[in-house]
Amino acid sequence: MTRPEHPKPAFITFDMYGTLTDFAIGAAAREAVADLVPPEGMAAFLQRFSRYQLDEVMGDWRPYDQVVARALERACRASGVAFRAGDAAKVYAAVPGFGPHSDVPEPLAELAAHYPLAILSNAADEQADRNVAKLGAPFHTIVTAEMAGAYKPRLRAFEFLYERLGCEPADTLHVSSSPRYDLQSATDLGVRNTVYLNRGTEPPAPGYHAYEVTSLDGVLKILGR
């Protein structure tokens, strides 16, 4: 993708879980099912859980606790272990306790001093504010999947964000650690200043990001700060 030198976005938009917030849902799932899944099978189980989470958000919106429960149930079934509703409840309950990646607070505060920031997150309303509060920076707009009535990567989630911001996709710079959930959809809608914050959780997708960084301070450098 074309890389303009020092873009001047009207808004910087972020994915939250995984990008800004250390989204330790895999660790929460590991703890919940540790007595069911043998150590040698845990990596495969968690990979299934991750893949089923993506699959579960591709259809009509449903509450996030149901997304977690359905994904965990499918991972259990595929792994040949019993599903316990209480395990899903524990995983869901862990989410608002997740805090920022260590590289986030300082550069995020610096970005907030110069640009209006927005979050588009596959979060539940009841959880999102607690995760945002831990980031330590002011946000102009916070949009959850519950508000949008759609989860990323569905385009409706992004369209709702731009409606809230009152801007065109091209007016934004979008930062995410996920090409699958975020960067493809943002690009498809016309965002040209896309930033892949490589956390090592997904492979790069150069066709869907103009920039790649490995920590949030890299976004400051992209913007010439």
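At what angle do the axes of helix α2 and helix α3 cross, and within what distance do they come? In this predicted model, the axes of α2 (residues 39-56) and α3 (residues 64-79) cross at roughly 135° and come within 8 Å. That makes α2 oblique to α3. As for handedness, the crossing of α2 past α3 is right-handed.

So who does the touching? From α2, the contact residues include Phe-45, Phe-49 and Tyr-52. On the α3 side, Val-67, Val-68, Ala-71 and Leu-72 are among them. Sorted by class, the contact of α2 with α3 has eleven nonpolar, two polar and five charged residues.

Now for the sheet. Strands of a sheet pair through backbone hydrogen bonds, either parallel or antiparallel. Here, six strands line up as β3-β2-β1-β4-β5-β6 in an open sheet, and the pairing is parallel. β3 and β6 stand at the edges with a single partner strand each, so one side of each has no neighbour in the sheet. Going from one strand to the next, the twist averages 20°.

Here's where some of the strands sit in the chain:

| Strand | Residues |
|---|---|
| β2 | 117-121 |
| β3 | 141-144 |
| β4 | 172-176 |
| β5 | 193-197 |
| β6 | 211-213 |

Leu-120, for instance, has Val-143 in β3 as its bridge partner.

Helix α9 (residues 179-188) lies across β4 and β5, and runs at about 170° to β5.

Note on methods: Residues are numbered from 1 along each chain as its sequence is written. This is a predicted model: local features need pLDDT of at least 70, side-chain atom pairs count only at pLDDT 80 or more; totals for chains, interfaces and linings use all residues. Side-chain values use heavy atoms; hydrogens and water are left out. Axes are lines fitted to C-alpha atoms, for helices over the stretch in contact, and angles run from 0 to 180 degrees between N-to-C directions. Helices (H or I, at least four residues) and strands (E, at least two) are DSSP runs, numbered from the N terminus. Angles under 35 degrees count as roughly parallel, over 145 as roughly antiparallel, 65 to 115 as roughly perpendicular and the rest as oblique. A crossing is left-handed if the near helix is turned anticlockwise from the far one by less than a right angle, and right-handed if clockwise. Contact means heavy atoms within 4.5 Å. Ala, Val, Leu, Ile, Met, Phe, Trp, Tyr, Cys and Pro count as nonpolar, Asp, Glu, Lys and Arg as charged, and the others, Gly among them, as polar. Two strands pair if DSSP finds at least two bridges between them.
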